[in-house]
Amino acid sequence: HQTSLYKALVQREAKRYFSSSVYVTNTIIGPILAVALCVALIFVDVNTLLPELPVDININAALPFVFSAVLCMMNPSACSVSLEGKQWWIAMSLPLSAKDIINGKLLFSLCLLALFYVVSEIVVMATQSFDIMERIWFVLVPALSVVFSCVFGVFVNLKLPKLQWEAEVEVVKQSASSMVGGLGGLLVLIIFAFASVVIPQGLSLIFNACACVLLCVAAFFMYR
């Protein structure tokens with residue numbers, strides 16, 4: 001059986017991912033919660049949950065960042081290198097460049113999160129009465145956040161690898177790369193969500209555009 005290089009690498013990562021219950025259960029929670037959040041928006045008006053505030057805020061401006069933060073929480077790329085463990089030399093001995101192997105890990109994480117992203121977007125676009133700009137941001141911000149968080153996770157894991165371990169739980173739950181790489185993107189997006197609420201509504205368009213540019217630039221330089 002013959003297939004393309006990156007398809008084979010992604011399939012290799014998928015087999016590695018689904019063969020570890022610890023890996024799956026600790027990285028799939030965020031995407032599942034993201035879908036649940038979009039379904040909950042059908043039945044709950046988030047504006048009614050807020051207490052009376054002295055200033056008028058548009059909570060819809062923060063929804064793309066909140067959704068992105070949940071979707072990207074504990075992304076699988078943050079410990080994908082470390083899980084190779086003592087077998088990392090086998091991957092390095094393949095007639096491939098290290099970049100190809102790392103790209104395979106990155107592509108699998110992107111494909112996994114993209115599945116939940118697409119389902120969530122279909123639910124939101126079919127059920128919510130957002131205006132055109134709110135719809136654009138709800139599509140664009142999460143998409144760029146997924147790319148940023150996956151690249152950030154691999155970047156951190158390469159800087160903080162843990163290849164000497166006895167049980168997978170040491171990598172998935174206790175390693176520095178899983179904490180920094182898995183929660184770093186979440187923290188950045190929560191900051192963006194808070195800022196999108198407190199800034200004047202007239203500046204929300206500029207803020208969202210700047211946030212998207214920052215995510216793109218950061219992902220580009222980390223990937224380089």
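Of the 58 residues in the largest nonpolar core, those touching the most other members are Tyr17, Phe65, Phe67, Leu71, Leu83 and Phe192. A nonpolar core here is a set of buried Ala, Val, Leu, Ile, Met, Phe, Trp, Tyr and Cys residues joined through side-chain atoms within 4.5 Å. Helix α8 supplies the largest share of this core, 11 residues. The model is predicted, so to speak of local features requires pLDDT of at least 70 and side-chain atom pairs count only at pLDDT 80 or more, while totals for chains, interfaces and linings use all residues. Residues are numbered from 1 along each chain as its sequence is written, and side-chain values use heavy atoms, with hydrogens and water left out.

**Core and aromatic residues**

- Phe65 touches Val141, Leu189, Phe192, Ala193, Ser196, Phe207, Asn208 and Ala211, leaving aside residues up to four places away in sequence; contact means heavy atoms within 4.5 Å.
- A search of the whole structure turns up 10 aromatic pairs.
- In one of them, the ring centres of Tyr17 and Tyr23 are 4.8 Å apart and the planes stand at 70°, so the pair is edge-to-face.
- Rings of Phe, Tyr and Trp (its six-membered ring) pair if their centres lie within 6.5 Å, and planes under 30 degrees apart count as stacked, over 60 as edge-to-face and the rest as tilted.
- Tyr17 has 0% relative accessibility and so counts as buried; Tyr23, at 4%, counts as buried too.
- The terms run as follows: buried is under 20% relative accessible area, exposed is over 50%, and partly exposed is in between (1.4 Å probe, protein chains only).
- Tyr17 and Tyr23 belong to one aromatic cluster together with Phe18 and Phe108.

**The second largest pocket**

- This pocket has a volume of about 200 Å³, where a volume is the space filled by probe spheres set on grid points that are joined across faces, edges and corners.
- A pocket is an open set of points on a 1 Å grid over the protein atoms alone where a 1.4 Å probe fits, with protein on both sides within 12 Å along at least five of seven lines; lining residues have an atom within 4 Å of a point.
- Its lining includes Lys99, Asn103, Phe155, Lys159 and Tyr223.
- Two or more lining residues come from each of α7 (98-127), α8 (132-159) and α11 (204-223), and α8 gives the most, with five residues.
- Helices are DSSP runs (H or I, at least four residues), numbered from the N terminus.
- The lining divides into eight nonpolar, one polar and two charged residues; Ala, Val, Leu, Ile, Met, Phe, Trp, Tyr, Cys and Pro count as nonpolar, Asp, Glu, Lys and Arg as charged, and the others, Gly among them, as polar.

**Single residues to look at**

- Met74 lies in the loop between α5 (63-71) and α6 (88-92), and its phi is near 55°, a positive value in a residue other than glycine.
- With a relative accessible area of 15%, Met74 is buried.
- Met133 sits in helix α8 and, at 34% relative accessibility, counts as partly exposed.
- Lys162 is in the loop between α8 and α9 (168-172) and is partly exposed at 28% relative accessibility.
- Lys162 touches Ser82, Glu170, Val171 and Ser175, again not counting residues up to four places away in sequence.
- Arg224 is found in the segment after α11 and is exposed, at 74% relative accessibility.
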